[in-house]
Amino acid sequence: MKEPKQEQWAIETTGLKKYFGNNRAVDGVELKVKKGTIYGVLGPNGAGKTTTIRMLTTLLKPDGGSAKVLGYDIIDDAHQVRQRISLTGQFASLDEDLSGMENMVMIGRLFGFSRRDAKKRAEELLTAFDLFDAAKRQVKNYSGGMRRRLDIAASIIVSPELLFLDEPTTGLDPRSRNQVWDIIRLLVKAGTTVLLTTQYLDEADQLADRIAVIDHGKVIAEGTSGELKASIGTGKLHVRVLDPEMRGQAAEVLEQTIQTEVQLGTDPLVLTAQVSDTTLVSKALLAFEDANIPITDFSLGQPSLDEVFLTLTGRPTDDQATEEVAK
Amino acid sequence: MSNLTQSSAIEKALSNQVRPKKASPLSACLTFSGRMLLKIKYVPEQLFDITAFPVIYLLMFTYLFGGAIAGSTAAYLQFVLPGILVLTVVMITMYTGIELNNDIKKGIFDRFRTLPIWNPAVLVGALLVDLVRYLIASTIMLVLGYTLGFRADGGFSGLVLGIAILLLFAFSVSWIWTTLSMIMRSEKSLLGVSMMILFPTTFVSNVFVAPETMPSWLEAFVEVNPITLLVRAVRGFMEGAPDYQAVMWVCLISLGLIIIFGPLTMYLYKRK
C-alpha cells in the first residue's frame with residue numbers, strides 16, 4: 001500500500017473520447033470504479049458501452065482523454081494493464097472450432113502455465129462451472145449459457161484483479177442468467193473488481209454496487225441504484241382491491257386523500273398513483289378502512305430503473321431491452 | 001450438481017491465485033501452432049489444397065506443355081518440376097492470409113490481444129504450421145515426380161536444400177498476405193488482390209520456359225522477378241549445380257519481405 005488514496009480506484013477515466021468518423025461513439029466518459037465492487041454501465045444499444053470497454057482493455061486507442069486501470073495508464077502501461085485484467089467480450093471470446101478443454105488449456109498455456117498445470121487448472125474450472133461433461137465437445141455445439149460460463153472460466157484461469165464483462169447475459173434464458181449472476185457475485189466475493197455493461201435495467205439493479213447510465217457516449221447519471229431511483233423523486237403507490245366493482249369508489253377515495261391523479265391498471269383490481277408526499281399514503285390506508293373498501297395489496301415502491309431511464313433520456317429503453325426486463 | 005457444492009467449487013477455484021511466469025515467446029508461438037493443428041484435426045478437408053494442388057498442377061503442366069515445349073514429357077518433367085514446385089507452394093501461401101482474415105474477425109482475437117504475451121506469436125505460430133503444410137505439399141509433389149521419372153542430380157541433399165530455400169521464401173511471402181488480410185475487409189477482396197499479385201509473378205517467370213525464348217522486354221522483367229530467382233536457386237540445388245548468386249538474392253529478398261511486412265502486419269494487428 002503506497003498511496004491508499006489512489007489505490008482504491010480500479011478504474012479512473014477523465015474525458016475519454018473515441019470518434020468513428022462523425023460518430024462520437026464515446027464523447028467524454030468519466031468513470032470512477034472502486035476496487036472490489038461491481039460497477040454497472042447501463043445504456044441502450046449503440047450508447048458507447050462496448051467502445052468504452054475496448055479502450056479500457058487496451059484494444060482501442062482513445063482519441064482523447066485519459067484512463068488509468070488499476071493505477072496504470074491504458075496507453076503508456078498497456079502491458080501492465082493486460083497482466084491484471086481479463087475481458088469477456090460481447091461475442092464469446094473463445095475458439096468455436098476447439099473443444100472447451102482445448103480452449104482452456106490453450107489460454108492457460110498462453111498465461112504461462114506448463115502443459116500439465118494448464119490441464120489441471122482447466123479441469124478444476126470446468127468442473128466448478130459445471131462444464132466438465134461437455135469439455136470434449138466443440139464450443140460451436142455449446143448452448144448460449146454454456147458458452148458464457150466457459151468464457152468467464154477462461155477469463156479467470158489466472159484470477160484477474162479486474163474483470164470486464166461486456167453484456168454477460170444478453171441472449172441467455174433466465175436460468176442461465178441467474179447462473180451467470182451467481183458466478184459474478186462469487187467473483188467479487190473472492191476479491192475481483194467487476195465492470196459489466198448491460199442494457200438490462202434489472203441486471204444493473206440486481207448486481208451493481210454503483211451504476212453509470214450512458215447515452216450517446218456520455219455518462220448522464222451515476223450513483224447507486226437507490227440514488228438513481230431517488231433522483232426521480234417520487235414513489236409509486238400500488239393498490240389492489242378485493243372486488244372489481246369497488247374500484248371506481250376506491251379511486252375516488254384515493255384521489256381525495258393523496259390529491260394526485262390515480263391511474264386504473266389494465267388489471268380490473270389495480271390502482272396506481274405517483275406520490276410525492278409519502279405522509280399522505282398512510283392516510284389513504286385509513287381512508288379505505290373508513291369507506292369500508294376491502295383491499296388485498298397496498299404498497300409503496302421506488303420507481304423501477306425503467307422509469308429512471310425514461311426520465312433521464314426522455315425516451316424508453318430499446319424494445320429489445322424492455323422485453324427481457326422482469327418488471 | 002447442487003447449487004451449494006457448485007458455489008463452493010467456484011470459490012475454491014477462485015481462491016487458487018497462482019500466477020505463473022509469463023509465457024516465453026517460443027512457448028506462445030508453439031501454443032498457437034497447436035491451435036492450428038487442432039483445427040486441422042477437426043476439419044481435415046482443409047488439407048485439400050496442399051494435397052490436391054501439387055498432384056493436379058504437376059500432371060496438368062507436364063502433360064499439357066511437355067510435348068510442345070521440350071519435345072517429350074519426360075525431358076520437360078526434368079526441367080519443369082522444380083518450377084512447378086515453387087509455383088504450387090507460393091500459390092498456397094495465399095491461403096495463410098485468407099485463413100487469418102477469417103480468423104481475426106472472431107471474438108477469440110479480442111482475448112488474444114488482451115493477453116500479456118509476445119504479440120506476433122499468434123501469427124508466427126500459425127505460419128510455423130503453414131511451413132509444415134508447405135513441406136507436405138513439396139513432399140507429395142516430389143514423390144509423384146519420382147514415380148513419373150524425375151531424377152534430381154543434386155541427390156537427396158540437393159532436394160533438401162532446394163526445399164529449404166523454398167520454405168524460407170514461402171514464409172517471408174506469407175507476411176505480405178498477413179498484411180493484406182489486416183487491410184482487406186472481406187475474404188473475396190483479399191482473394192482477388194492475392195490472385196492479381198500471384199498470377200503474373202508466378203507465370204511470367206522461368207517456371208515453364210527458359211527466359212531466352214521471350215521478347216527482350218519480357219525477358220528483362222522475368223530476370224528480376226523474385227520467383228525467377230527462386231526457381232533458379234531451387235533448380236540449381238536439385239540439378240546439383242547450385243546457383244549461389246540466386247540463393248543469395250532469394251535470402252536477401254526474403255529477409256527484406258520479413259523486415260517490411262512483419263512489423264507492418266503487427267502494426268495493423270494492434271490497431272485493428
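This is a predicted model: local features need pLDDT of at least 70, side-chain atom pairs count only at pLDDT 80 or more; totals for chains, interfaces and linings use all residues.

User: How many helices and strands does chain B have?
Analyst: Chain B has 11 helices and 0 strands; helices (H or I, at least four residues) and strands (E, at least two) are DSSP runs, numbered from the N terminus. The C-alpha atoms of chain B fill a box of roughly 80 × 35 × 35 Å along the principal axes.

User: At what angle do α3(B) and α4(B) cross?
Analyst: The axes of α3 (residues 48–70) and α4 (residues 73–103) of chain B cross at roughly 145 degrees and come within 8 Å. Axes are lines fitted to C-alpha atoms, for helices over the stretch in contact, and angles run from 0 to 180 degrees between N-to-C directions. The residues of this contact divide into 20 nonpolar, 5 polar and 1 charged. Here Ala, Val, Leu, Ile, Met, Phe, Trp, Tyr, Cys and Pro count as nonpolar, Asp, Glu, Lys and Arg as charged, and the others, Gly among them, as polar.

User: Moving on, how many residues of chain B are in contact with chain A?
Analyst: On the chain B side there are 40, in contact with 44 residues of chain A, where contact means heavy atoms within 4.5 Å.

User: How many salt bridges are there across that interface?
Analyst: The rule finds 7 between chain B and chain A, a salt bridge being a side-chain nitrogen of Lys or Arg within 4 Å of a carboxyl oxygen of Asp or Glu. Lys39(B) pairs in this way with Asp97(A), with the closest N and O atoms 2.9 Å apart.

User: Which helix of chain B supplies the largest share of that side?
Analyst: That is α2(B), with 9 residues. The side of chain B that touches chain A comprises 17 nonpolar, 9 polar and 14 charged residues.

User: And how many salt bridges are found over all chains?
Analyst: A search of the whole structure finds 30. Among them is the one between Glu123(A) and Lys119(A), whose closest N and O atoms are 3.8 Å apart. Both residues lie in helix α5 (residues 115–128) of chain A, 4 residues apart, about one turn of the helix.

Definitions and conventions. Residues are numbered from 1 along each chain as its sequence is written. Chains are lettered from A and ligands numbered from 1 in the order in which they are written. Side-chain values use heavy atoms; hydrogens and water are left out.
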